[in-house]
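Please look at the sequence and the model together.

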Amino acid sequence: MTKKTLPADFLWGGAVAAHQVEGAYDVGGKGLSVADVMTAAGTHDERRITAGVQPNEFYPNHEAVDFYHQYPADVKLFAEMGFKCFRTSIAWSRIFPQGDEVEPNEAGLAFYDRLFDECHKYHIEPVVTLSHFEMPYHLVTKYGGFRSRQTIKFFTRFAQTVFERYRDKVTYWLTFNEINNQINYDRAFTLFTNSGIQVQPGENAEAVMYQASHYEVVASAIAVQIAHTINPDFQVGAMVAFSPVYPATDKPRDVFKAQRAMQARFWYSDVQVEGQYPTWLTNYFETKGFDLDITAADLANLRQGTVDYLGFSYYMSFATAATDDEDDQFSYNETDDLVTNQFVPQSAWGWQVDPQGLRYGLNWMNDRYHLPLFIVENGIGAIDQLTATHEVHDQYRIDYLHDHIDQMELAMTEDGVPVMGYTPWSAIDIVSASTGQLSKRYGVIYVDRNDDGSGSLARYRKDSFYWYQRVIASNGADL
Ligand code: BGP
C-alpha cells in the first residue's frame, strides 16, 4: 500500500541547543550557565559539575562549534538542505547573565535578532526552546535553582522579555527541554541541568526533585499565559523525552509496572496539557509524606496555562520487569529495574534502537492528549570517520533516520496522528549533553572539532546531508 503524502506545510528541519552549538560562553555579556561549569565525561562516567570554572579544566561548551560566529554559513547550509524550520534555544544567560537582573542584556537580545533574521532570509521558521539545560549559574549558587519559588519569577521575566522582543520573528516556542528527565532523580547531571539542583547529603532527592518540578510546571504555565497575551498567534509547546517503557513479559505485575513507569515519566506532559495533577501522583506525594509547596494560585495557573502542542524527543525505548518485592509494583525512577530488550539493537552508547517505538509513541500521545505533536529530536550518536577527501559515509545514520521517518509517516497517514514537524538531532555536529563529547556525533553536517578542543571547525556535508535534502525536497516521499 503506498502511503498518502504528508501535508504541504509539514515542518522539516533540524535541531540544536544554544549551549551545545554556540560556544562564545563569555562573549557579548553572557553570564555563566550550568552547562559552562561541567567538564566532559570519560567514556564510562558522568560529566563532572565543578564549583564555577576551574583553571586547567576543559569545558567543552565554552567553544562548542562556534555557531555564535559561524551561524550565517551554517544557516545557509540548512537552507541548502531545504529546511522549513530550525530548532534551537535562547541561552537564558545571554539575556539575563546572572538570571535575577531586572534589565536584560541588549547584546544577547541582538544576537538572536541577527540569528532569526538570517533564518527568515531563507524562509526558515525558528522553533525556540526557552530553557534547554541552560539556567544562569548564579541562580544555582544564590537561589538553588528551582529549589526556590523565586526562580519562577526569574524564568517568566526571561520568557516575557524574549516573547516581546521576537513577537514578529518567532511563532513556535517550547518552555522546558525534556522536563521529565528529572524523574531520574538519582542522577546529579539530570537534576543540575534540568533544575539547577544539587542534592546535599541527607536530603531526600526525590522530594527535592518533585518540588522543583512543580515550580517548573508552574513557570511553564505562567509563560504560556504571558505568550498568548503578547501574540495570540504564538504556538507554545511542552517538551518531554519520550522513551516508551514496555513490560518485559506478559506477567500482570510487569504490565502494571510498565504502565506506572509511563505515568511517572509523563505526568509532566499530563499537567502541561491537561492543566492538573493526576490523582495517582498527588496520592503518591501523600503516601511518601512529601509536604510540597503547592498553592491554590499555582493550581489555577496550571489550569489556565495549558500548552498548544506537545514537542518531544525520541531516541530509544525501554523495558521493565517487576521484582518479587510485594511493594515493587511502581517504577518512579528512570533506572528502576530496566531490562535489556533482546528484540531491539543498541547504539554504541547502549541506546535501544526501536523505530516502531516511535509509531507506538505517536499513537500513545495522540490517544492521551489529542494535541498536535512535534518530533523535535530524533537521531543516532556515532563515531563518524572523515575521509581524506572530507566525506563522511554515515549510512548508519541514513538507515536510522529512514526507519524513524517511515514510522512517523505511517503514524500520520495510516493512524491519523497530527504531526507538525520533524527536526532530527542534530542539524550539525555539536557537544553531546550527557557526555560533553564532540566525538559522539549526531549531525548531518560534520564539524572538524575534537574532544580535546583541537580542529579547524571546518564544516563538511555528510552522506546523510544529501539524503535528507532529497527527503525534504520530496516532502517525505523519497525515503
Ligand atoms: C537529549 C537532549 C539534547 C541532546 C540529545 C542527545 O536528551 O535534549 O540536548 O543532548 O539528548 O543526547 P546526548 O547529547 O547526551 O548524546
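In which loop is the place of A64? A64 is in the loop between α1 and α2 (67-81). The model is predicted, so local features need pLDDT of at least 70 and side-chain atom pairs count only at pLDDT 80 or more, while totals for chains, interfaces and linings use all residues. Residues are numbered from 1 along each chain as its sequence is written, and side-chain values use heavy atoms, with hydrogens and water left out. Helices (H or I, at least four residues) and strands (E, at least two) are DSSP runs, numbered from the N terminus.

A64 has a positive phi of about 45 degrees, although A64 is not a glycine. A64 is also buried, at a relative accessible area of 1%; buried means under 20%, exposed over 50%, and partly exposed in between, with a 1.4 Å probe and protein chains only. N475, in the segment after α14 (463-473), is another residue other than glycine with a positive phi, near 55 degrees. A cis peptide bond, with omega about 5 degrees, joins W425 and S426. S426 lies in the loop between β11 and β12. For background, most residues other than glycine have a negative phi, and most peptide bonds are trans.

A64 is among the residues that V21 touches. V21 sits in helix α1 (residues 18-21) and counts as buried because its relative accessibility is 0%.

R441 is in the loop between β11 (419-422) and β12 (445-447). With a relative accessible area of 4%, R441 is buried. Beyond its neighbours within four places in sequence, its contacts include I380, D384, R397, D429, Y446 and K462.

Helix α8 (residues 205-230) has 26 residues, which at 1.5 Å a residue should span 38 Å; its end C-alpha atoms are 37 Å apart, which agrees. The expected span is 1.5 Å times one less than the number of residues. Of the 26 residues of α8, 22 are buried, so the helix is largely enclosed by the rest of the structure. At the start of α8, a side-chain oxygen of N204 reaches to within 2.9 Å of the backbone nitrogen of E206.

D270 lies in helix α9 (residues 252-274) and is buried at 2% relative accessible area. Its side chain makes a polar contact of 2.6 Å with the side chain of Y369. A polar contact is a pair of N or O atoms within 3.5 Å; within protein, one must be able to donate a hydrogen and the other to accept it, and residues adjacent in sequence count only if both atoms are side-chain atoms.

What surrounds the ligand? The shell has 14 residues, and the closest are Q20, E178, S434, K440 and Y442; a residue is near if one of its heavy atoms lies within 4 Å. A polar side-chain atom of E178 lies 2.4 Å from a ligand oxygen. For S434, the distance from a side-chain N or O atom to a ligand oxygen is 2.5 Å. Taken alone the ligand exposes 370 Å², and the protein buries 94% of that, with areas from the Shrake-Rupley method and a 1.4 Å probe; for residues, only the protein chains shown count as cover.

Definitions and conventions. Contact means heavy atoms within 4.5 Å.
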